[in-house]
Amino acid sequence: MKIELNTIKQKLKSVINQENFTPLHAPIFEGNEIKYVTDCIESNFVSSVGEYVTKLEEMLQEYTGAKYAVVTVNGTAALHVSLILCDVKREDEVLIPALTFIATANAVSYIGATPNFVDVEENTLGIDAKKLDNYLSEICDMVDGYCFNKHSGKRVKAIVPMHTFGHPVDMDALNTVAKKYNIAVIEDAAESLGSFYKGKHTGNHSKLSAISFNGNKIITTGGGGAILTNDEALAKKAKHITTTAKIPHKWEFNHDMIGYNYRMPALNAALGVAQLEQMDKFIENKRALALRYIEIFRDIKGVKVFEEPEYAESNYWLNALILDRGYENMRDELLQVTNDAGIMTRPIWTLMSKLKMFKECPKMDLSISESLEKRVINIPSGAWL
Ligand SMILES: Cc1ncc(COP(=O)(O)O)c(C=O)c1O
């Protein structure tokens, strides 16, 4: 089946309204960025110690409603440490969506644990809790209250729902299944700063969560991330592990475990403080942009713009055009036509289960992810548009 490629290009152009090449996303530095970064340099505390680190953590706590925030060198590190804090070990399996960015799978692999890939729902782009329940009831045995994959013999210890493009997963449904099988939940909230599930900020619906402040995210620290938690003991451990597990002392170097140098430098935190101050404006602009896309594509045959699930208020980090089933064959042409016209568009990620490192990993039926992989295209989503 065919879609009107030129109509789609024109509609995108009319919303974007730019003469020049339009990227998918780009940071905006219109606040106190230069002031705070300069101030940080002048203070001489640019690295592991500095008041901007504490300031950014406090601001994140206030913005997200999480009791504790620990900033890190990037979002992948935040995920890695969150998995360690859930006691994930080499011999364990971790359930993750097949439809995600590579970092989710990498973090599991850094521990040596095995990803077990699960499917998503078309209307949320997040893990399908019902399908997950069926899968676990089929492949798992509960032994002494713990969930074991009866095929691999490995314990299924954690699950990492990912809020795709900022759209919240149905966390209540997912948490019910996780509880039934005694599986720890860690939200990959890398893309969802500013997104709320049933009125509560994402990252607050599980034991621990990870946020990213990479240059392409809604706010950036250059590179950076954060762990959110509402558990004081976990927050303390997160700080400890991400700061080389050094026992605080004025002059002595003692470390009580293998730690990581995953702390966010103060220079990056200074940038983050200035960025977070502008969050409300960024969200307002991105939600308005999404609405314009949704409206203009409402009556176009063969495509629709992804809309936030009814339980959510999303940051619309990246907007997505989804081709209807039957129009998969038009994806590459659409990518070609739009990129040729200076409108950056990109297909969604290749499924993790297809990558050579993960081909042998266990997985459930991934039919929805497989279908979405062929039909989802991201379109320019910068807050300046
Ligand atoms: C879903 C997801 N998880 C994890 C990450 C990792 O974050 P970072 O690039 O800060 O390591 C990203 C973003 O890059 C992401 O999109």
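In this predicted model, helix H4 is followed by Asp-87, which has a positive phi near 65°. H4 itself spans residues 75-85 and is mostly covered, with nine of its 11 residues buried. Among the buried residues of H4 are Gly-75, Ala-77, His-80, Val-81 and Leu-85. The N-terminal end of the helix is capped by Asn-74, whose side chain places an oxygen 3.1 Å from the backbone nitrogen of Thr-76. Asp-87 also takes part in a network of salt bridges with shared partners, together with Lys-89, Asp-92 and Lys-157.

**Ligand surroundings**

The side chain of Thr-76 has an N or O atom 2.5 Å from an oxygen atom of the ligand. For Glu-191, a polar side-chain atom lies 2.6 Å from a ligand oxygen, and for Lys-217 the corresponding distance is 2.9 Å. On its own the ligand has 380 Å² of accessible area, of which the protein covers 92%.

**Salt bridges**

The count of salt bridges comes to 17. Three of them are listed here.

| Pair | N to O distance | Accessibility of the partners |
|---|---|---|
| Glu-57 and Lys-239 | 2.8 Å | Glu-57 9%, Lys-239 30% |
| Lys-236 and Glu-232 | 3.2 Å | Lys-236 57%, Glu-232 45% |
| Glu-373 and Lys-354 | 2.6 Å | Glu-373 8%, Lys-354 42% |

Glu-57 counts as buried, whereas Lys-239 is partly exposed. The pair Lys-236 and Glu-232 sits within helix H8, its members four residues apart, about one turn of the helix. Lys-236 is exposed and Glu-232 is partly exposed.

The bridge between Glu-373 and Lys-354 links distant parts of the chain, 19 residues apart: Glu-373 is in helix H12 (residues 367-373), and Lys-354 is in the loop between strand E15 (346-347) and H12. Here Glu-373 is buried and Lys-354 is partly exposed.

**Cysteines**

The count of disulfides is zero. For Cys-86, the nearest cysteine sulfur belongs to Cys-147 and is 15 Å away. Cys-86 is buried, at 6% relative accessibility. Cys-140 has its closest cysteine sulfur in Cys-147 as well, at 3.3 Å. That distance is too far for a bond, because a disulfide requires the two sulfur atoms to be within 2.5 Å. Cys-140 is buried too, with a relative accessible area of 8%.

**Backbone and loops**

Most residues other than glycine have a negative phi. Asn-17 has a positive phi of about 55° and is placed in the loop between helix H1 (5-16) and helix H2 (33-43). Its relative accessibility is 64%, so Asn-17 counts as exposed. Leu-125 likewise has a positive phi, near 65°. Leu-125 lies in the loop between strand E3 (114-118) and helix H6 (129-139), and is buried at a relative accessible area of 1%.

Asn-204 lies between strand E9 (200-201) and strand E10 (208-212). This residue is buried, with 7% relative accessible area, and its side chain reaches the backbone oxygen of Thr-64 at 2.7 Å. Asn-315 is in the loop between strand E13 (312-313) and strand E14 (319-323), and at 0% relative accessibility it is buried. From Asn-315 to Asp-332 the separation is 17 residues in sequence and 27 Å in space, C-alpha to C-alpha.

**Surface patch**

Ile-41, Val-46 and Leu-267 form a nonpolar patch on the surface, and together these residues have about 210 Å² of accessible area. Leu-267 is part of helix H9 (residues 266-276) and is partly exposed, with a relative accessible area of 31%.

Methods
Residues numbered from 1 in each chain as written. Predicted model: local features only at pLDDT ≥ 70, side-chain atom pairs only at ≥ 80, totals over all residues. Heavy atoms only, no water. Patch = residues over 30% accessible without salt bridge, like charges linked within 9 Å, V, L, I, M, F, W, Y side chains within 5 Å. Areas by Shrake-Rupley, 256 points an atom, 1.4 Å probe, with all protein chains shown as cover. Salt bridge = Lys/Arg side-chain N within 4 Å of Asp/Glu carboxyl O. Helix = DSSP H or I, 4+ residues; strand = E, 2+ residues; numbered from the N terminus. Buried < 20%, exposed > 50% of the residue type's maximum accessible area, 1.4 Å probe, protein only. Polar contact = N/O pair within 3.5 Å; in protein donor to acceptor, adjacent residues only side chain to side chain.
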